[in-house]
Amino acid sequence: MGKKAKKEPETPTKDEFDPLSIESKKPDTVVLMLKSSEDVVLAKACEALRKFAEKGEENRVTLLGLGAVGPLAQLITHEDKLVRKNAFMALGIMSHNADVNKLLKNLDVIPAIISKLSPDEDIVIHEFATQCLAHLALDFSCKVQIFDNEALKPLIQLLSSTDPDVVKNSVECICNLVQDQPSRVAVSELNGIPALLGQLNSEFPVIQQLVLRTLQSITLDKETRTTFRDEQGLEKILDFLNTKEYSDLHVEALHLLCGCLEDVEAMQHFQESGGLQTLMTFVTTPTLPEVQSSAIKGISKLAQIYENRKMLHEQDVEKSLMALLAMDNSRVRAATCQAVAVMSKNLASKDTFRHLDGIGPIVQLLRSESAEVREAAAQALSSLTSANQLNAYAVFEAEGDEALVQQLTEGSAREVAHAACVLTNMATQEALRRSIVSQGAMQALVAPVQSKDNHLLISVLQAVAALACDSDGRAEFRNAGGLPHLVKLIHSFNTEVRRNACWAVSVCANDEPTASKLCKWGALEVLQEINSSTNRRNRFSELAMQKLLDNHLAAKYSLTGRLAPTDVITDGFYDPGQTRVGQRVPDFADLSKQAINQQRPVIVVNGKPHNLDHAEDRQDTPGGSRPSSSRPSSRAHSKAKHRDADDSKRQEKAVKTDMLPGDSALCSMITEATQSVLPLQEEREQHKALALLVCGAMGGPVPAEHLHEFPWELHLSQLKHEEQSNVVPVAKIKKGTYCHRALLYKALADRIGLGCSLVRGDYNRAWNEVLITDGAAKPDGSYCQPRTYIVDLMHNPGELLRNNSPAAIKYQSI
């Protein structure tokens, strides 16, 4: 046998290298290898880049800068399985970087990734493809693209994968997608809810947590909640809650449960499946504070529906909630107060909380160091005191008004809004209202009334209106500088803010000092503008306008040219002359400071001797004590504040009377009218006697044909120089024309209770209208309808001119 021939080694062809073992420690070299045409080189380069990227974020940024993302994105569709797998692994690791994802979005790689979710692909490709999609799904535009490329169906199918990483990434991607409503519906239609529920029993907590969060989003819609319920979702969540080994995820499960209980059907199903008992177990059994607070929030969610509140009340949930207030945990206390607030929408629950002595502990929480607890406590008290005077008084007994006023000053916007609501509810009782004002509530409301938060403004304005029912409250708010801010809010573009601002103005305008200040700050002009608009006008703006005019008669007469019999002229009334609509009525303080000029004098009414004003001010003491409370600590300091307020009002009154020139002549005329006119039995005779008194005091009768000879203008000019002021007391006018006589007549008639109107005409004309019933009673006991007459004060004093008669028209015209 000859020797066996020795095999010769193969030699490469002339255009090939011998096999090379390439090693590189530089990432830029490896990135260049991604452009190779050899599958082996590509696979090794992708593997090397994956290992490099796994070492940290800095390396991923380096690869991004070297341009590795683009070639890797192309290689995920490579025909070689190993290249494809290694490219996916590298790209999946790099997708942890946000800038990488931005670039992937621009490269339009999403359709290619989704195409590799098919069952025939390698499980490793599934893992890293779903990882890429989960990261990309954090971007809104990517979510849309993923949804449009129908990724949900393969993602749901991958929930049954044997690889936990694939399941985890798929759930995470679905969780990010279902933040949008179309994806929530699609998951339900693709039978994704049973697949997700099946993963609740996963041995991996991260998967369970992602499933719970995904289901929380899916059940936001009523239709998907129904599907969830039909798939025994509630029962499976209850089983999950009853499993102790899942206790670290019970908070997430309770959040999901709360979201499912939005409607009555879900609640009924929940109750029938024993859910309420399970939930109450978490409420009453000491566990982790996070778990307990979540269970309490579930009670709040349930109680949003009337039927549920009724059922919870029958289960004595109020008693359980009151016990939780003693827990030394802010989350639990805050959640409990929120549950009390919701349950208090039930009338019976309001009383139950009071009978359980629950209001006092909630009041104490107003002083908590936790802002969340303070806000929740104020919210609870707001609900408890709404339309419930006994609860409001219980808050007062617990000295809640002091804490609430402090909260107005120091609290957040939401705290202040809730505190203002509580004070509004309490202010319906006079004793409580006065106590709240004495605590400085009006001063505390000035700052929040300047807020830009519309919700807060509505609550604060309602509190201002409630506390301004008394003169003390109005004076406090006025002196604290709140009125100009109130006027600004009438301008608000928010309808509810504007309405409540008008309501607050209408209440504040219930006395002359405050009405005058509001007019000074331009309230009348703003309200005139609003009431001329069909869109902005409302019944509160009309009421505010009427209140301002009714309590600032000088402005009413100046703007409207008419005072009704019910508009009683008192000391301090002045006639600045006619003001056009939209213009500001001059303030008396400003007019009194003007130097003598050629304009018409300002006629003022002051029927009290100048020296008497100060004597009364010195004798003026607070008219009676404040309503007492049963609180033994009822505040010496609040009484001192009350005395200070009284002193402030007396000082304000003294300042005003100092500006009014004395008018002893008017005082004498009031006495004479009281003695000579008032005793007369016939109304006609009373008007005639008063007309003769006025006419005699102002120059006597003047025949119509000699009016041009009557020197009233010269007389008034002389009076201004005598007074060294443009302000002239009405009774000092000894030669007065129509407008002066009519004003004096109205002032005297109001003092003695004789009804008449004051009407301004043109060119210094003015007259008084009175209602007189002509004739005796008819045989059936009825009387004729009263008729309107004009009182002649100029030509034939005392003559009653039938309104619209030629004589009356002549009297009214020039």
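**Aromatic pairs, charges over rings, and a cavity**

Let me begin with Phe540, which is buried, at a relative accessible area of 14% (buried means under 20%, exposed over 50%, and partly exposed in between, with a 1.4 Å probe and protein chains only). Before I go on, please keep in mind that this is a predicted model, in which local features need pLDDT of at least 70 and side-chain atom pairs count only at pLDDT 80 or more, while totals for chains, interfaces and linings use all residues. Residues are numbered from 1 along each chain as its sequence is written, and side-chain values use heavy atoms, with hydrogens and water left out.

The structure holds 6 aromatic pairs, where rings of Phe, Tyr and Trp (its six-membered ring) pair if their centres lie within 6.5 Å, and planes under 30 degrees apart count as stacked, over 60 as edge-to-face and the rest as tilted. One of them joins Trp503 to Phe540 edge-to-face, at 5.8 Å centre to centre and with 70 degrees between the planes. Because Trp503 lies in helix H35 (residues 495-508) and Phe540 in helix H38 (residues 539-550), the pair ties together parts that are 37 residues apart in sequence; helices here are DSSP runs of H or I, at least four residues long, numbered from the N terminus. Trp503 itself counts as partly exposed, at 35% relative accessibility.

Now to Tyr738 and Tyr811, whose ring centres are 5.2 Å apart with planes at 80 degrees, so this pair is edge-to-face. Tyr738 belongs to helix H46 (residues 738-752) and Tyr811 to helix H47 (residues 806-812), so that distant parts of the chain, 73 residues apart, are linked. Tyr738 is buried at 4% relative accessible area, and Tyr811 is buried at 3%.

Which ring does the charged end of Arg760 sit over? It is the ring of Tyr557, 4.1 Å from its centre, where sitting over a ring means that NZ of Lys or CZ of Arg is within 6 Å of the ring centre and within 35 degrees of the ring normal.

Finally, a search of the whole structure finds 1 cavity of 30 Å³ or more, a cavity being a set of points on a 1 Å grid over the protein atoms alone where a 1.4 Å probe fits but cannot get out. Helix H36 (residues 512-520) gives the most to the lining of the largest cavity, with 3 residues.

Definitions and conventions
Helix = DSSP H or I, 4+ residues; strand = E, 2+ residues; numbered from the N terminus. 1 Å grid on protein atoms, 1.4 Å probe; cavity = no way out; pocket = protein on both sides within 12 Å on 5 of 7 lines; lining within 4 Å. Points joined across faces, edges and corners; volume = space filled by probe spheres on them.
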